[in-house]
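I opened a two-chain model today and kept notes on what I looked up. The entries follow in the order in which I made them.

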Amino acid sequence: MTKKLDSKIPEGPVAEKWDNHRFKMKLVNPANKRKFNVIVVGTGLAGASASATLAELGYNVDAFCIQDSPRRAHSIAAQGGVNAAKNYPNDGDSIWRLFYDTVKGGDYRAREANVYRLAQVANNIIDQCAAQGVPFAREYGGTLSNRSFGGAQVSRTFYARGQTGQQLLLGAYSAMMKETAKGKIKSHTREEMVDLVVVEGRTRGIITRNIVTGEFKKWAADAVLLCTGGYGNVYFLSTNAMTSNGSAAWKAYKKGAMFGNPCYTQIHPTCIPVHGDAQSKLTLMSESLRNDGRVWVPKKQGDNRPPGQIPEEERDYYLERKYPSFGNLVPRDVASRNAKEAIDDGRGVGKTGIAVYLDFADAIKRDGEQAIRERYGNLFDMYNRITDENPYQVPMRIYPAVHYTMGGLWVDYNLQTTVPGCFALGEANFSDHGANRLGASALMQGLADGYFVIPYTLGNYLASEGLMTDKVSADHPEFDKCMKESQDRFNRLLHIGGSKSVDTFHKELGKIMWERVGMSRNEDGLKKAIDEISDLRKEFWKDVKVTGTEVGINVELEKANRVADFLELGELMARDALERRESCGGHFREESQTPENEALRDDENFCHVAAWEYQGDETTPLRNTEELTFENVPLTQRSYK
Amino acid sequence: MSADEKLLTLNLKIWRQKDAKDKGQMVDYTLEGVSTDSSFLEMLDQLNEKLVGQGEEPVTFDHDCREGICGMCSLMINGQAHGPEKETTTCQLHMRSFNDGDTIVIEPWRARAFPVLKDLTVDRSAFDEIIMAGGYVNVNTGNAQDANEILIPKESADLAMDAAACIGCAACVASCKNASAMLFVGAKISQLALLPQGQVEAEQRAANMVAKMDELGFGNCTNEAECEASCPKGINISNIARMNKEFLKSAVKSKS
């Protein structure tokens, strides 16, 4: 039987919900907080900010990461900025407008109440980060500087050069180190969560594997916070870091946490194209480039003249042509899809034909090379370093790449998954971006969840459920059982003795995902994808070759464990994409488009969240739903014309 | 792929060490068909795929974002931290910086405070310990005033940002003959000392972080500026001078 999920949205008008809820939630008194242990998995913006804030409140925090320091988490790579409705520029911004833009940008597939709360606490984030010493960009008078980003019509993005993610993460990391010094946080590096321990329906801890020694350990706690990021690496090539993975979330899924909208993937339009088979990852070029760069392809198919020899009248500036009011600044999903269309039409550029031009010639003519250098110098240098081409002289070649996953563990308004005591924060949850995330909103959400939401909702959980006295220690047999299962799984991977490397399987999976569950999807392709992934998974468990032993560092074994999970998660993504027979945001179903080839939603049948429930490895999972209601932002067809 | 893509054959001399206790040794490999468009780490991926194919253990090395920002990658390449290109991390170094037939020597960071864990991977947790000694502003979540109430001259903000750009890769330590961590520590002390938010604790911070750095076995600075030359983010050595100033202020005050 499929279920209708209760999101626990508080009563009252949207602008008052969070305030009312904060008052109604139960508190843990200061002397009792030290009696609770909290596990935080992942130390990106969500995990680091949650760890620090909970420790400040008095909870005992164990924070886990797979890198050699919490500061390396992939939030560090975010370039552009963080949104907030401070309205410092006096250009008409407000909390309501940020809320409205985010709901619309998400193509009406996000939960209104969550998005409003996000817009509300965004201002506190800027204050908090400034107080920590985050060196935001400043004006000459000493005030904070803002810029417009990702097509927003107001300047609400705060930034620290092209390294905003780095600076915000280092701020959260420093707060974390402050509490680590006091002993309130224990930081466990190179320690990977391999299972979630659930006893009688309640989360009681995790099992980890130490990456340096290969040793497995049991950890008990009163709550577990999964801040483990997205699963974009299911595509093999993405802008995610090499070790970014979906395994922690996947373990939670198998223990009963439902997976929300797995098919919502963001494909970012401005990445450096693939160079060849040895390619290991893709590099994003900040969206801000579209403020001055013009996107074009030749009008003629197969026109392989160098760009400088293609005269103006033989170029198709397709975004400007199709979307005169937004032009090159259309949202990410629209820009990506149009690039694909041009290339599928045989008008791609460069040696591989899988790229479009992003041309700065007009901007350089208008503002001078120096001005462009000041604005984008570091990005142009990076492009030059990777491609060996000088973008001041020839147009950049760009192509879309997988960048972010809007889907993730389903959580209620309190950020709790469907397994009590297991919470999901940041990119790991599904809640705030609907079917498409706007630029500079990921940093905002990660920090909102960690600094300003979970400190309240976690206390309410601990105080309401009698967890002061109801404790389960790591001696409970369920911990031993879970640890044994994890050890068996790693041993099995190590001893398959097959013939193909882990990466061979990962690349094969990536190819299927990109072809069939990528920027454009259709029923036939998705059905094929499900079969192909299932076959590949069977082959993996028969024929993967993992070198080394179970003792000490074994990178191949780590990868094998993560790819084994991707081989299941990929299938769920295809299944979700198949069942969502509409287009919305980043999910484009060819069967559902407007006459102008734009994404066509089906609000009558799909104005809901799909929350997938695990039913066993050999059984098709259940598709449960959470109805979405739009009381404040009326449902309309998104238009950027 | 770029217009001038070429394929290289390389002679690699790579440090192999089973674990922290193993003595370790250099091992020679020949690798063919390396595209000049590949990054240095993609070249190592290619070697590792070959090794796995032969049933041998691949070379372990640290890496993650491969965009030059996480600070995880860390190789001595022909004796230079992060290789030959200026202000470039190993992951952003491309094989077009090398020629067909080149011999490339690849070693881990070497410093007493960074023990080798396996092959090219070292333990840099000493850097976390230094930050724990004071690399932060003591402000809890929820305490903050409106961000625009703290006015910061643009010049100070820019200088603070220059220092804050440090990625904590530890190339500065690896390239210093004394294995000094002064550029790393100086950058953090400077960032916070330049901003009003960090002023209150500036002197104490300098004293504590420097003491921790010494305790962990990092060496002294003898002004050779190798750290600055090898820094992939171009962190300026003047940050060390600023650290010394803060340290001196705190030393003078603690005596009086």
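The notes below go from the chain contact to domains, then to sheets and helix pairs.

**Entry 1: ground rules.** I noted that this is a predicted model, in which local features need pLDDT of at least 70, side-chain atom pairs count only at pLDDT 80 or more, and totals for chains, interfaces and linings use all residues. Residues are numbered from 1 along each chain as its sequence is written, while chains are lettered from A and ligands numbered from 1 in the order in which they are written.

**Entry 2: chain A against chain B.** I looked up the contact between the chains and found 67 residues from chain A and 72 residues from chain B. Two residues are in contact if their C-beta atoms, placed from the backbone, lie within 7 Å. Which helices of chain A each supply at least two residues to this side? They are helix 3 (45–57), helix 5 (112–132), helix 6 (164–181), helix 11 (369–387) and helix 16 (555–579). Helices (H or I, at least four residues) and strands (E, at least two) are DSSP runs, numbered from the N terminus. I noted that helix 6 of chain A gives the most, with nine residues. By class, the side of chain A that touches chain B has 23 nonpolar, 27 polar and 17 charged residues. Here Ala, Val, Leu, Ile, Met, Phe, Trp, Tyr, Cys and Pro count as nonpolar, Asp, Glu, Lys and Arg as charged, and the others, Gly among them, as polar.

**Entry 3: domains.** Domain bounds come from an automatic or database domain assignment. For chain A the assignment gives domain 1 (269–403) and domain 2 (481–606). I read 30 Å between the C-alpha centres of domain 1 and domain 2 of chain A. Five residues of domain 1 of chain A touch five residues of domain 2 of chain A. On the domain 1 side, four residues come from helix 9 (residues 332–344) of chain A, which is the largest share. That side divides into one nonpolar, one polar and three charged residues.

For chain B the assignment gives domain 1 (7–118) and domain 2 (124–255). The centres of these two domains of chain B, taken over C-alpha atoms, are separated by 30 Å. Their contact takes 18 residues from domain 1 of chain B and 18 residues from domain 2 of chain B.

**Entry 4: a three-stranded sheet in chain A.** I found an open sheet with the order 6-7-8 in chain A and antiparallel pairing. Two strands pair if DSSP finds at least two bridges between them. Strand 6 (191–199) and strand 8 (216–220) of chain A are at the edges, each with a single partner strand, so one side of each has no neighbour in the sheet. Neighbouring strands of this sheet are turned by 25° against each other on average, direction ignored. Axes are lines fitted to C-alpha atoms, for helices over the stretch in contact, and angles run from 0 to 180 degrees between N-to-C directions. Strand 6 and strand 7 (residues 202–210) of chain A pair over eight bridges. I checked one residue: A:V198 has A:T203 in strand 7 of chain A as its bridge partner. Helix 13 (residues 477–494) of chain A packs on this sheet and touches strand 6, strand 7 and strand 8 of chain A.

**Entry 5: a four-stranded sheet in chain A.** This open sheet has the order 16-10-18-19, again with antiparallel pairing. Strand 16 (408–409) and strand 19 (622–627) of chain A are its edges, each with a single partner strand. Six bridges join strand 18 (residues 608–613) of chain A to strand 19 of chain A. Among the residues here, A:W612 has A:R623 in strand 19 of chain A as its bridge partner. Helix 16 of chain A lies across strand 10 (259–260), strand 18 and strand 19 of chain A, at about 140° to strand 18 of chain A.

**Entry 6: helix pairs in chain B.** The axes of helix 3 (residues 154–164) and helix 5 (residues 182–193) of chain B come within 8 Å and cross at roughly 155°. That makes helix 3 of chain B roughly antiparallel to helix 5 of chain B, a term for angles over 145 degrees. The contact is made by B:A160, B:A163 and B:A164 of helix 3 of chain B and B:A187, B:S190 and B:Q191 of helix 5 of chain B.

Terms used. Angles under 35 degrees count as roughly parallel, over 145 as roughly antiparallel, 65 to 115 as roughly perpendicular and the rest as oblique.
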